[in-house]
Every structure is written in structure tokens, then in C-alpha cells.
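Please keep the sequence and the coordinates at hand while reading.

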Amino acid sequence: MLFLNQDPTAAHLDYLDLFRRRNSLVLPDAVAEFQGRPLLYMVNGGTLDRQAILGLQRMLANRGDHACLGVVKPGTLDVYPINLNPQALAQADLKTVLLTDDGAAGFFQSLATRNFELPGQPAEADYVYDTIHRLLATTSEELAGTGDKPGPLLGLDVLSTTGRALFFRFLIDRHIVRETDLTEVCPSAKALRDAFSTAQAAAETSCWLDETFNGDLLPLGLPQGLHGTRASRLRAYQTYYERAGNKTNRRVFLHLQAILKRWENAGSGSFQTTLDWDQFDFAHIPIGVLSQVYQSFSHQWDEELARSTSVHYTPRHIAKFMVDEAFANVKNPSGAVVLDPACGAGVFLVLAFRRLVAEYWKQYGTRPNTRAIQRILYTQLRGFEVSESALRLAALALYITAIEVNSSPRPPASLKFPRPLRGEVLFDFGEHGNDLACRFGLGSLAHTVPESFNGSFDVVVTNPPWTRLRPSAKDPARKAAESKAIVKANKVFTEISRRVLISRGLTDLATMYENPDNDPDLPFVWRAAEWARTGGIIAMALPARIVLRQSPPGRTARNAILCGFAVTGILNGSDLEETKVWPGMKMPFMILFCRNAIPGPDHQFHFITPLRENQRSSIGQFRIDYKSAHTLSSSAVVEKPWLLKALAVGTVLDVEVTDKLAGETVGAFWERLGLHSGLGYNLSPSLKQSPAAHLLDLDDFERPEGSFEISRGVSKWHDRHGRTTAHMPRSERLYQPPLVVVPQSPREGRSDAKAFLRLESPLAFSQSNYGFSAAQAEDGAVLASTLYLIIHSQLFGHYCLMRSSRQGGSSYRTIVKEDIESFPLPEMRALSASQRIRIETLARELKASKEKQPWEQIDQLIFELYGLDEHDATVVRDTVTFCGPYRSVREPAESPITPVDLHVFCAYLQEMLQALFRLPDERIHVRPLPHKPEFGFAAWQFVSVTTQSSPATIARPWLSRLMKEASATGASRVTLRVPGGLLIGILNQRRFWTRSRARLCSLYVEEHHLEALDG
């Protein structure tokens, strides 16, 4: 809880806008947070009328928080929604929480878990950004047109003019520029809000902005290097705005006035003086929102920026988490020097700037003045970029931040910054002019970056480009030039990585290291090792493939990081992919935290995977359950390359099961016997052809719909394709029976076939499928049938979730041949006669099945073949049921538990705990407690664990303590010692109430709370 009705401290930095003008406005008195985000603003009800409350609801909405407003009265709390939309607020009712309510203790948890339903709340994840973006999109379309239909102005000019107007609106709304300053700012205007209403006014205002902010604002189409007198610049600006006005029939000034005068755009250049821009109070809109809007339009209109910046704007909450975690490990945070080597519009620099101001405030006990703020800006922040417009956006964001955190931003002349940021804070390392160099240039990874930056930074934090370099030109000559440029760039990427590895004595790793797949992200990690001081902190948002990829190059790259850096933490965001947590991002992400030092032999780090919870992710939020973080040694991950992948999806129990799967792999077995496997034929008529005589008369596989059996009467290869050649016809032996055909893209449900078995005659299949021919193998029918059943088993599905790069927690949903080849086969010669009969019988039954498949018998047989007990089988079933990558798995996993789930969990937990007591008269009782639907308790289910025969009761103070623990840790499970035993609360989601979770719970009780049950 932060109180806002007192003098501000460093802890209030994110709420400074709520301290301004307190004498003249109704403002909240306190705010309650969950994991750094505001959930509830509170104000003393006193004599507040409905109109004052409505004003507060709308004002707080400008901050972009998904929070509520609580009006505190004796014994009650009236809860109101926060929204920009006045109609939504007018139609919404409040909810009242009474202190005497049974659910009052769980109210805050109801907000934290998003179970508190309050009509009138915005549905959009980033509703302030969406609204501003929509308004500017209308302006953009009318003035600059669209890609197919250009408008009268260039897109970047529209961005710059509207950006200047928005910035000036910010200055007005924050009372930094007042009507008394009009003569100095814009002498020709009648009022400040007329500052962009004519060419003359816009020119005067632009001159003033340039003088105050060193010309670092968004660029306009003026002659390069224009630094003459004010009169000459004024004439140049006036000429520019007059031309813009003529080209748009003066509409450009209507749009700029709309921003300043709070008009509504009615379309086709018409405006009415009601709402839309009037919804906003820029005194409260975070600077990050404006930066995000600017960068979005920069991507649309600046081709160079779009080419050079291959990832979407980093969401503010993710960037803030990264900056906060990085600073938490800095020894002298107030003096830290911070670098973002791919700064874009400056989201990390802005957040680092704010954090440095807070650290100064904490260290010296006083809020920094203008001089101290500017010293921090000029000496402790550095940003590298390749795009001119991105650097301008970053400069604007830093200037606004310097104003925002300044307690004395008046008069405007006092804000004048001593020097331009360019060349001192922000650096342009782009290769401009040459299109090929712009697209495949090295930017801040090039040797042109001065060595003086090496070893200079306490924190390097960034979101580097992720997109793999690849040629896109259709023209052969151009494509060849692009390919050559990519090879050259990747050679430099590899050299950077090897250079650092060698400098750290990891010569063997350096020798075998190749930058994988022309990816530009990893080279930033290695270059950061040179920029950061020894022991400095590196924090990067990266694609999750770095921790999930299982290919040899992927393992080498991951091992190099684990051996070359003292990794401190990895947040794996793969379960959050394609949600509003990171809008527009279609790749799973991770966040890497490490110290710039060689790890010791026993070095450990934390690994955590936030779960997708739809109520949270729909508004761009996620929960970090710090209690579920795994502490891993770097050496363990190197030894077991699949370990992070397994823990990204499952638990330590899943790791134990996977460890038990041993023996000769499918791939090794096939190779030892000289059997054939691989992709099917590749037609590619436009490429070089080879004779395909052995394919002509073969049945040509076509995946049957809703069946496990290959259709009879399937077309012959020659009849279907009408040709006698193929680009890659493959070996004739690949198509011989007994044969298992595996489509690369498995269907979602278990009732869909994952493989097909052909025992009698040859079968052709295309490159969309893998084939495993057991022809010439001893007892080939049993071998093929065994593989067929394995691929359909829950154990193989579990294995893919644990070890495959393309199943569960990655950006693909396909089976790769390596998944099958790496799976261990049971010892075929050791199979008993009855097991062989069961294998062939079940394979025939599965092939012939129509509606009901023998899944239980198949799974039981496969578990038996691998020596797995019932506990292991339970782990496999639970993980496959609730942890898969499909919607059909995710939605049931998050749904509330059933009475059956609750009964099974309690019985299994009781059985596990009872085994820990040796005396027969010591009985453990695990009982579900009545579900409490009130407020936050709806999100939880409670059980008691006691040695008493009588049922336990819930005391209200106990629930309050449990809910406080849950709010502090973000945990999915909380435990409290009570008289006679334990009270355990678990989130009311089915995935947390499986038998596997009961087993984990018993292990936790055994390690931490057994003595509470011992007497």
C-alpha cells in the first residue's frame, strides 16, 4: 500500500502525476499494488459527490491501468470501474464491500486474480494506446493516405507534425506552459491551444520547441543542417507549414487543432467540439504510451526503421520488469551507467532514467532538482540505434521524462537542456543510403562502434532484433547480393561470439561455435559482454528458441551462454505467446538476466515459466509465481539439454519420468540394421528432376479424414501426378512394408491419427510425411507395429512435450523426425511372446477403429514396456492432459475444479502423507473445506491436513494471512500452520488439482511442514 496524501518519496515515482495540483483537484489518497501494478486506487469518501467520483474515474483511466477506484467510508468500500468512456461509466454500477463480509479478507486477491467482476471496465489490454492510435490513424489516413492510395503529405511528416502537437498538448496539460508564456512561445496565437492553428503559429511554436529542446524533436522536411538565426528558421518553418496547408486544403491545421483543442474527428476532415481528444488528460498519460504510438506509426511510414527493427515495440510492463530486475542486482544503483544498444523509441532508456532518479532520491533523501536530473540524463544513459526517426523518438521520450520527474518545471526557460542528446546520449550507427547495407548492416554490432564504450556500463538492457536474416528479393542478381551480405553479416556474428569466448578461456567452445541460423539476437548478448563492466548486469528480451531449441547448433549456442555468463535468471514466456501480453508478437519470448562474469563450477540460476491465464493475458498481464521458480545449476542444463524445455512445460516429476527412458534410440536402431527412414518424395516440378520409375505403380498416401486406416482404392502415384519424374524421388526401400508413415503436422485431438501403418504392400508418400520402413528387419511387423503404437501413446506425447523444439512452449506445432529418432525403443529381442501378440493385436485394433480407440490398453502396454510404475504413468497422463500447447488442453486446465478432482486430490495427498508415518495409530486426514465464492475466495479452494479425526474449521484471520501470502508471492499454492495441522490454499484451476500436483504438495509438506503434523 502506497499513501498518496503525504510528501512524495522515491517509492512514489510512478505516481508523481497524482501529487500535482492536490489543492485544486480530487485525487486518490492511496494505491494498492500487485507485482508492481496498481490494482486499487483509494480515496476518502467524505463528502464526495457522484460527479467528483466520475471525474476521478476518468482521470485515473488516462494512466492506462487495469485498476479500480475504491471510495472508502466507515466499514465499507465502494468499488467503481475506471474507464475513458463516459458512457460505460454512466451505465456501470458500483459494488460495495462490507468490512463484515465473509469475503472481505479475499477482496484484494479477487482483484489480483481478475475474479472480481465489475461492469464498466475496459476490455482492451492497452486501452489508452488503442484509443490514441485510432485517433491518429484517422489523421494519418486523411493526410498521408494508405499504402495503395498515397495522401498529400509524406507519412513521416504527418508523424512529426502530430507528434509535435501531442508534445505541446502534454506541456499544456501538465501546466508547464501557461497562457502567460504565450508571447514567448507563439506571439501570433490568441491562446496556447491555437499554437498550431495556422502556418505562422505552427512555425513560431516549432521554433520555440527547437530552441528549448536542442532541435532533437521529431524531424520536419526542412533543409539539412539549418542552424541559422531564429528569423531564418521561422521563415523555413512557415514555408513548410504553408506548403503542407496548401497540399491538404488547410486540413492539416484542423487535425493539429483537434489535438490541442480536444475536438472529435467526425471524418472527411470535419470536426465537432465534443469528445475524442477531450477524453485525454496528458498530465496523467505515461510517456511510454506516446512512445509506443509514435513507434507504431514510424514502422508504418519509415521503411528504414521497419527494415532495421525486426521486433515489435517492447510492452511497457515487460520492459519495466526487466529494468527493475536488472537494477535489483546492481551494487551501486544510483551511480549505474546504462546502455540500450538497440534502443528504438527509448522504452528501456526512459524506464532506466526513471529508476536512476528514484535511486538518487533514495540515496540522498531528497528529490533531484533540474541540475541533478540533467546530470543523470547526460552521464548515465546511452542508446545505440540504426534509425534516424527512432533516435528522434527516443530523444523526445527522454526530454518528456526529464520534465515529468522534475518537481520544478516552471518557467519553461528553466527546462532548456544544455546540449543536444545526439552524440552524447544517443548514437546513430546506421548505414544510411545503401539499401543493402541498411537491411543487412551490422549497426551497433559493427566495428565502427568506438572501443571506448567497452567496459563502461553497469547495466546493458535491450530487446535486440530477432528476425533471422534471409534473402527476400525475387530478382536473381539481387537475391545473390542479399545472400552474400547475409553470409558476411553472420561471419561477423560468429566472430563476435568467438572473440568473447576466447577472452574467457573457453577456447574449445569458441572453436565449435557458429552463430545459428543467421539470427541477429545472440550476437547482442556476446557484444554486451564487451560493453558491460566485469560483474555488470545484462538483461535481454530474446526469442524463447534459445532455451527451447534442441538441435545441435541450438544446444551449442545455449551451452556457450551458460558457460560464458553467470546467468542469474531466465523468465520463459513461451506459454504467453500470441496473447495480449505482447501484442503482435507471434514468437515465444524469454527474458535473460546474467552477470558479466564466468560462472563458478556450482553456479545456479532461477528458471520460471509464467502460465497463461486467460483472464490476465486478455488484458496484457501475467502472474509470476516466485514459489514455483526452479533453481538449476548451469552444469545440469548443459548435461541435459532438454531440462529447460521439460521444466517449461512440466515439473520435476516430469524430469524424473523422462530420465527413466533409456535404451537404444529409434534412430540408432534403424541405422544399425541398415533400415530406411526419412521424408517422402519431393515433386518440385520447377527444379532439377530425376527418374521416379519405382513410384509410378505405388499407392500414393493421402491422409484419411477421421480414420486410422489408409483408404482402400487410393490413387496410384502416376495417376495422381501424371508424371514420371520427381525432384527427389527418394530410395525405393523407403516405401517398402512394414511401414509407418508419420505426417509432420499432428492433429490436435487424440482421436486423430498421428501415424499410419502399412504391413502388406509398398506405399508412396510425399515430403509432408516421414516414413520408417522395417523391411528386412527381423520380425519387421512387430517392429513397425511397436513404433506405430509408441507414436500414438501418451508417453510419446509426453516425451515430445519434454524434449521437442516444436511441441509445447515453442512457436511450432509439428513433429520432427528427430523427435521420433531420439525416442528409445524397448529391447525388441527381450519382448515376451505375449507382449508381441498384444503389440500386433492392438495395432490391428487401432488401425481398424472407427469411433472408439483402445487408448487405455495401448498406454498400459507402453508404460509396461518401459518399466514405468503407476506414479510415473500418473505424471505422464496429468501433463499430457493439462500442459499441451492446444486450446483444447489449455481451456480445461484453467477451468474450476470438479468435485471428482477435489476428491481424487485429497485422497492421493492423504495416501502420500500417510506413508511418512510409521505408527499405525497416526492417521492423516486431508479434507476439502467448503468452497467460498465470495470475492477473492472464488479463485481458491482450501483443504485441511490434520491428525485430528474431526473436520477442521476456517478461522477468518487464517484466511487473511493466506491471502496476504498469496498477494505477496503470486503463488499458486499457499500453506499456513494452524492448530492441529495445516491449511492449504490452491488456485481453483484443474491443472493444480491433479494427482501429480498432490504428490508435489506432499513432497513440499514433507520438506517444510512435517513437524506441524507430528504432534
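At 38% relative accessibility, D779 counts as partly exposed, where buried means under 20% relative accessible area, exposed over 50% and partly exposed in between, with a 1.4 Å probe and protein chains only. D779 sits in the loop between strand 25 (769–773) and helix 28 (780–792), and its phi is near 55 degrees, a positive value in a residue other than glycine. Helices (H or I, at least four residues) and strands (E, at least two) are DSSP runs, numbered from the N terminus.

The model is predicted, so local features need pLDDT of at least 70 and side-chain atom pairs count only at pLDDT 80 or more, while totals for chains, interfaces and linings use all residues. Residues are numbered from 1 along each chain as its sequence is written, and side-chain values use heavy atoms, with hydrogens and water left out.

## Backbone geometry

Most residues other than glycine have a negative phi, and most peptide bonds are trans. N518 belongs to the loop between helix 18 (507–512) and helix 19 (521–531), and with a relative accessible area of 23% N518 is partly exposed. The peptide bond from P737 to P738 is cis, its omega being near -5 degrees, and P738 is placed in the loop between strand 21 (725–726) and strand 22 (739–743).

## The chain as a whole

How many helices and strands does the secondary structure of the chain come to? The assignment gives 37 helices and 29 strands. For 1015 residues, a compact globule would have a radius of gyration near 31 Å, and the chain agrees with this because its own value is 32 Å; the radius is taken over C-alpha atoms, and the globule rule is 2.2 Å times the number of residues to the power 0.38. Taken along the principal axes, the box filled by the C-alpha atoms is roughly 100 × 80 × 60 Å.

Of the 1015 residues in the chain, 58% are buried. The accessible surface comes to about 41100 Å², with 51% of this belonging to carbon and sulfur atoms; accessible areas come from the Shrake-Rupley method with a 1.4 Å probe, and for residues only the protein chains shown count as cover. Among the contacts with a separation of 6 or more, 73% are between residues 24 or more positions apart, contact meaning heavy atoms within 4.5 Å.

The chain carries 112 positive and 109 negative side chains, and the centres of these two sets lie 3 Å apart. Lys and Arg count as positive and Asp and Glu as negative, whereas His and the chain ends are not counted; the place of a charge is taken as NZ of Lys, CZ of Arg, CG of Asp or CD of Glu.

## Aromatic rings

Rings of Phe, Tyr and Trp (its six-membered ring) pair if their centres lie within 6.5 Å, and planes under 30 degrees apart count as stacked, over 60 as edge-to-face and the rest as tilted. By this rule the chain has 32 aromatic pairs. The pair of F107 and F116 is edge-to-face, with 5.2 Å from centre to centre and 85 degrees between the planes. F107 counts as buried because its relative accessibility is 7%, and F116, with a relative accessible area of 7%, is buried as well. Y240 and Y241 also form an edge-to-face pair, because their ring centres are 5.2 Å apart and their planes stand at 75 degrees. Both Y240 and Y241 are buried. One aromatic cluster is formed by F384, F427, F429, F453, F457 and W531.

## Separations in sequence and in space

The table sets sequence separation beside C-alpha to C-alpha distance.

| Residues | Apart in sequence | Apart in space |
|---|---|---|
| A402 and A390 | 12 residues | 18 Å |
| E851 and S707 | 144 residues | 8.9 Å |
| A52 and N769 | 717 residues | 66 Å |

A402 lies in helix 15 (residues 388–404) and is buried, with a relative accessible area of 3%. Not counting residues up to four places away in sequence, A402 touches F353, I373 and F417. E851 is found in the loop between helix 31 (833–848) and helix 32 (855–865), and at 78% relative accessibility E851 counts as exposed. A52 has its place in helix 1 (residues 50–61), and its relative accessibility of 21% makes A52 partly exposed.
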